[in-house]
Amino acid sequence: MSEFISYTLIGIFTGAAYAIAASGLVLTYSTTRVFNIAHGAVGMFFAFVYWDFSQKQGMPAWLALIVVLLLVAPAFGVFVQRVLVRDLGNAPVGVSLVVTVGILIGLIGAATQIWPAAGRQVPQFFDGHLIKIGSDVVITWHEVITVVLSAVVAFALFVLLTRTRIGTAMRASVDNPDLLRLYGGRPQLVAALAWAVGTSLAALAGILLTPVIGLQYYDLTLLVISAYAAAMLGKLTSLPMTYVGAMALGLAQSYVVGYLQYIPFGNDITGLPAVIPTVFLVVVLVLLPQAPLRIGQVKGLVSAPVPSFGKAGIWGGSLVLLSMLLAFGLADSDLLLVGTAATYGIVMLSLVLLTGYGGHVSLAQFTFAGVGAVAYSRFDQPNLIGLLLATLVAAAVGAIVAIPVLRLTGLYLALATLGFAQLMDKLVFQTSIAYNIGNPLSAERLSILGLKFSGTGEYTVLMTVFLVLIAVAVIAVRRGRLGRMLVAARDSQAACGTLGLDLRWMRIGLFAASAGIAGLGGALYAGLRGTTVSADFMYFQSLLLLAMAVIWGVTSVTGAVLGGIFMMYLPVAQSDHPSIAGLLFVLLGVGAVIVGRDPNGLANKLFGFNAWVMDRLYPMLAERYPGMALLARGEGSALPASGSVLDVEDPAESAQEEVERDVAVAR
Amino acid sequence: MSLLRVDDVVVQFGGVTAVNHASFEVEPGTVTGLIGPNGAGKTTCFNVITGLQAPTSGRVLLDGHDITKAPVHRRARRGIGRTFQRLEAFGSLTVWDNVRTALDIHDGFRGLFKSVDGSADQEVEQLLERVGISEYADERADSVPTGVARLLELARALACDPRLLLLDEPSSGLDEVETVAFGRLLVELAGEGRTVLMVEHDMDLVMTVCEVIHVLDFGSIIAQGSPAQIRVDPVVQRAYLGFTDQTAGGAHAATASDIDDTKVLAP
Amino acid sequence: MSGVPILEVIDLHAAYGRIEVLRGVNLRVPKGAVVALLGPNGAGKSTLLKVISGQMEQTSGDIHMAGVHVTGAKPDDLAQLGLTTIPEGRSVFPNLTVEENLLLMSYAGVSADQVFETAYAYFPRLHERRYQLAGTLSGGEQQMLALARALTSDPALLLLDELSMGLAPLIVEELYDTVGRIAATGVSILVVEQFAQTALKIADHAAVMTGGRVVATGEPNEIEAIMADIVLGGAA
């Protein structure tokens with residue numbers, strides 16, 4: 001019995017911390033409609049700041065807490081709202097997700113840059129002070145303080161939201177910011193305040209949980225899933241329900257930790273407690289009533305132009321030739337990098353299909369790649385059959401993921417995929433099914449029809465061929481019936497439904513195809529490397545992939561290839577220059593924040609530049625220096641080789657704004 | 001037997017009742033009008049019929065079959081097509097691709113053969129020609145004028161060969177000449193045996209092409225009858241204008257001439 | 001009447017994307033006058049109000065308020081300058097109580113206590129329901145609450161959009177009595193309406209819009225004579 005009481009008390013403590021984090025998330029989301037996926041990363045970052053102030057610089061704990069919670073964190077929140085996510089509330093969900101993913105990556109980068117990995121301890125508040133209840137139930141002052149603070153937060157939010165004008169305006173702007181403006185209120189001010197408070201609450205939750213979770217970059221960042229799971233119970237708007245959700249979640253997690261040993265096979269799934277928030281989340285999402293299809297907005301996305309097969313073939317062929325040249329010229333260690341770039345390119349192509357064309361954001365592409373790699377290693381069939389099986393397993397997993405989240409769109413879907421990534425990591429990748437905690441899995445290189453590609457050079461060329469084939473396939477899909485349907489379903493689900501398209505199968509198929517491509521990439525990668533480890537497919541990789549894909553252009557195959565190269569180069573650059581490793585993440589994050597508003601990315605800019613060179617610069621030069629004209633043309637057509645792999649048919653229409661019309665002229 | 005029967009449908013959003021025990025029937029092969037003042041619940045009715053909105057209570061019957069619970073795409077397969085008041089064209093696709101996509105969705109696997117022998121392309125061209133927007137074929141759907149986008153939605157719906165066609169304010173955005181042509185097209189469609197149910201604010205159009213008109217106000221049917229009956233119905237006049245006495249008469253000039261208003265308003 | 005009109009709209013064009021909804025609107029509201037703006041659905045009336053209130057940008061043309069060029073001003077700035085806009089639909093916050101709605105009305109520059117006092121004096125029914133969520137009020141009561149903003153903010157110019165939408169005629173009459181009382185205090189009002197007659201009763205001038213232009217203006221009785229033709233079709 002006393003055991004049960006102990007677990008309950010621990011559960012209440014965890015729940016209280018989750019409640020604080022979750023209420024911050026609700027506050028920011030409901031006032032600005034921007035879901036901050038970096039909410040946990042904010043908590044992580046400020047836990048480090050608090051450690052720095054209190055431990056490294058020796059500030060008294062209470063002073064450090066006040067400085068962080070009332071000064072630094074709110075200032076950061078206002079900065080994020082004013083500068084980084086401003087006016088994203090009405091943008092497509094994908095855009096605000098990418099921008100906040102950029103913030104997440106930037107914060108992790110900043111944390112690793114400022115505080116390189118080392119053993120750090122954040123002591124509990126009033127460390128060592130205990131309260132004994134009965135004979136053997138013990139709680140710490142830290143836990144008591146956490147619960148008290150969460151009650152204080154609840155009360156303060158209640159007063160703010162119901163007893164003050166600005167708080168009332170916050171709730172009003174949830175319903176209708178435009179109307180608030182007509183009243184003379186300033187939604188921007190309200191939003192800034194909400195972000196200041198929300199950020200401060202994330203920081204507080206991070207600081208309170210650190211003594212338990214540890215001062216870790218990645219684990220604390222996943223606090224967002226717990227907060228999100230709790231907040232979902234209140235549909236991201238109701239604070240009381242959010243508190244209920246947080247408490248339920250905290251208790252569930254505590255009981256699972258406590259009683260795991262009694263569950264059959266409990267020792268095999270020691271990762272279970274960590275994924276309780278995800279399981280909780282999925283249950284809440286599946287049980288929530290179905291949201292009706294949104295009607296009433298014509299949204300056309302201006303995408304990067306789609307190349308013709310001829311051009312795609314030429315550039316694809318050139319790419320294969322280039323890889324052959326490299327295979328002769330480069331050392332094996334460098335060839336491994338080329339192969340890795342091809343892998344990332346393939347995984348990124350899976351995102352082009354899913355996100356660029358289909359409009360669904362996934363934060364689990366590397367998990368699918370991991371499934372492919374594990375399946376390929378486990379089947380131990382280093383031939384096309386093994387590759388096909390690995391692809392099919394990944395595709396099946398993709399379809400299975402799509403089914404429970406079928407009714408979800410945009411934000412919910414993206415977060416469900418993040419939860420899924422963590423679930424797979426803890427319950428599959430870390431267990432004996434796959435990597436058994438830290439063990440590597442070995443895989444052999446592929447042979448095709450008895451021809452074995454054992455040399456790294458040959459294998460790299462083979463991977464490049466696969467990359468090109470998949471790229472051409474993706475282009476073929478986009479140009480054909482399916483591609484049109486994909487884009488149509490992205491533009492208007494309601495219209496597709498009323499034309500007779502079963503959107504559920506469409507979505508399942510799309511996820512399966514995308515996961516299959518990623519799985520194929522993972523399988524090839526396993527063969528390339530010979531061994532893989534679970535860290536290769538960590539959730540953070542998927543976030544990097546999304547940021548990279550968006551920066552280089554998630555709507556074009558060229559963007560995917562360029563993104564793949566830079567995704568490969570990132571860790572290389574980091575190990576070459578360890579002193580700025582974190583800074584490179586920050587740079588990437590900043591890039592995602594800046595470019596995130598245009599999903600066509602840099603690749604599309606290249607197309608635009610190419611068109612500009614051909615249409616403006618050369619005619620001008622040709623006019624001025626008639627003798628140069630021929631030469632210039634020749635150079636011009638060679639120019640894209642430096643940047644763009646697959647050229648485009650008509651780059652003229654590649655404007656970057658999203659055309660969004662409210663065509664209700666009648667209104 | 002009527003093709004469509006809306007039976008005692010109620011739709012509530014929170015505390016607001018958008019449709020309040022509405023019942024009406026649509027006879028096959030007719031052009032039927034569904035009119036009513038702003039906020040009367042017409043579009044919500046359309047959403048209930050097509051399955052985009054579940055009714056709080058009541059039933060929808062197509063050909064005597066209860067389809068109240070059927071999902072959106074299955075109703076489309078049963079022959080219900082629609083256009084939207086707030087446009088739902090596929091903005092990133094060209095006008096041509098919009099119609100082609102609809103055709104592909106409708107044809108399913110059969111469509112693969114059609115694209116081989118080119119008959120799908122022909123069908124798209126015919127449809128665009130029929131609604132009169134062939135010249136816009138290669139433009140993106142989010143860059144064409146509203147009128148064209150509405151006709152595009154009609155062509156797209158026709159690609160699925162619907163028995164029952166629901167048109168939500170199809171003429172807004174069309175000029176007078178286009179509206180007349182559009183009215184002729186509607187009558188033609190009915191002549192082919194298709195049934196048209198239309199929400200429309202252009203009363204001239206409604207009065208000319210509709211055989212039967214249902215008038216919706218506060219979510220309930222307040223009147224039904226022929227155009228001639230509806231026009232003089234005092235209940236309808238009250239719903240629309242807030243008054244019943246027939247003061248109307250004379251001055252038709254208003255719609256035609258563009259008077260410099262500042263002169264009139266300034267004393 | 002002397003002096004500068006409180007509102008002058010000159011050759012105003014506005015568009016949603018590439019679709020032009022206002023095609024050169026000219027309109028004038030003299031100081032202290034009530035102008036009724038009528039016309040069928042889709043004529044562009046609501047869009048015109050959106051542009052005037054700063055919620056939407058015009059593509060060309062000018063807006064002057066009391067002689068001041070206000071093109072490009074933000075809605076919250078205009079609100080604090082004395083423009084009160086009651087948009088179409090229920091322009092209240094449904095998830096806030098009546099009293100909280102009133103509290104927000106104090107953003108227009110009047111103290112909260114004064115807002116409560118005025119609102120409850122005009123509409124005792126709101127006082128009875130002050131702790132009720134606005135979304136649970138009847139349609140008529142919600143419009144009373146919306147009108148309370150017009151009463152308490154002491155506007156120089158009041159824009160009213162489809163006050164009658166979805167309301168029973170009797171309630172509409174009642175609301176327009178209140179509008180008439182507001183007008184009597186000297187507030188200039190531009191009222192957009194479908195219920196032509198109700199609006200015309202309190203109007204000094206009327207204008208009719210179709211197809212994104214003002215096509216007729218005149219005295220209320222002149223306009224009333226032609227409204228049935230425009231709205232229900234003139235074929236009879």
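This is a predicted model: local features need pLDDT of at least 70, side-chain atom pairs count only at pLDDT 80 or more; totals for chains, interfaces and linings use all residues.
View 1. To the contact, domain 1 of chain B brings 17 residues and domain 2 of chain B brings 13 residues. Put together, the two domains of chain B bury about 1,100 Å² between them, and 58% of that is on carbon and sulfur atoms. On the domain 1 side of chain B, look for R77(B), P162(B) and L185(B): these lose the most area to domain 2 of chain B, together 35% of what that side buries. The rule also finds 3 salt bridges across this interface.

**View 2. Now for a salt bridge in chain B, between R130(B) and E192(B).** Their side chains meet at 2.2 Å, N to O.

**View 3. This is an open sheet of 4 strands in chain B.** Reading across, the order is 2-1-4-5, and the pairing is antiparallel. Strand 2 (16–26) and strand 5 (65–66) of chain B are the edges, each pairing on one side only. Further in, strand 1 (residues 4–13) and strand 4 (residues 57–62) of chain B are joined by 5 bridges and run antiparallel. To find your way along that pair, pick out V6(B), which stands opposite V60(B) in strand 4 of chain B. Helix 1 (residues 42–50) of chain B packs on the sheet, where it touches strand 1, strand 2 and strand 4 of chain B. The direction of this helix makes about 115 degrees with that of strand 1 of chain B.

**View 4. Over in chain C, there is an open sheet of 6 strands.** The strands come in the order 6-7-8-3-9-10, with mixed pairing. At the edges are strand 6 (83–86) and strand 10 (213–218) of chain C, each of which pairs on one side only. From one strand to the next, the twist averages 15 degrees. Strand 3 (residues 34–38) and strand 9 (residues 205–210) of chain C run parallel, joined by 4 bridges. In this pair, A36(C) has A206(C) as its bridge partner. Helix 1 (residues 45–52) of chain C packs on the sheet, with strand 3, strand 6, strand 7 (157–161), strand 8 (188–193) and strand 9 of chain C among its contacts. Its direction is at about 145 degrees to that of strand 7 of chain C. Helix 7 (residues 169–184) of chain C lies across strand 3, strand 7 and strand 8 of chain C, running at about 155 degrees to strand 8 of chain C.

**View 5. Have a look at helix 3 of chain C and what surrounds it.** In this helix (residues 98–105), 7 of the 8 residues are buried, so the rest of the structure largely encloses it. The buried ones are V98(C), E100(C), N101(C), L102(C), L103(C), L104(C) and M105(C). They pack against parts of two chains: helix 5 (141–163), helix 6 (165–175) and helix 7 (177–183) of chain A, plus helix 4 (112–122), helix 5 (124–128) and helix 6 (139–152) of chain C.

**View 6. The last stop is L9(A), in helix 1 (residues 2–32) of chain A.** L9(A) is partly exposed, at a relative accessible area of 23%. Leaving aside neighbours within four places in sequence, L9(A) is in contact with I133(A), V137(A) and I139(A).

Terms used
Residues are numbered from 1 along each chain as its sequence is written. Chains are lettered from A and ligands numbered from 1 in the order in which they are written. Side-chain values use heavy atoms; hydrogens and water are left out. Buried means under 20% relative accessible area, exposed over 50%, partly exposed in between (1.4 Å probe, protein chains only). Contact means heavy atoms within 4.5 Å. Two strands pair if DSSP finds at least two bridges between them. Axes are lines fitted to C-alpha atoms, for helices over the stretch in contact, and angles run from 0 to 180 degrees between N-to-C directions. Buried area is the accessible area (1.4 Å probe) that two parts lose on being put together, summed over both. A salt bridge is a side-chain nitrogen of Lys or Arg within 4 Å of a carboxyl oxygen of Asp or Glu.
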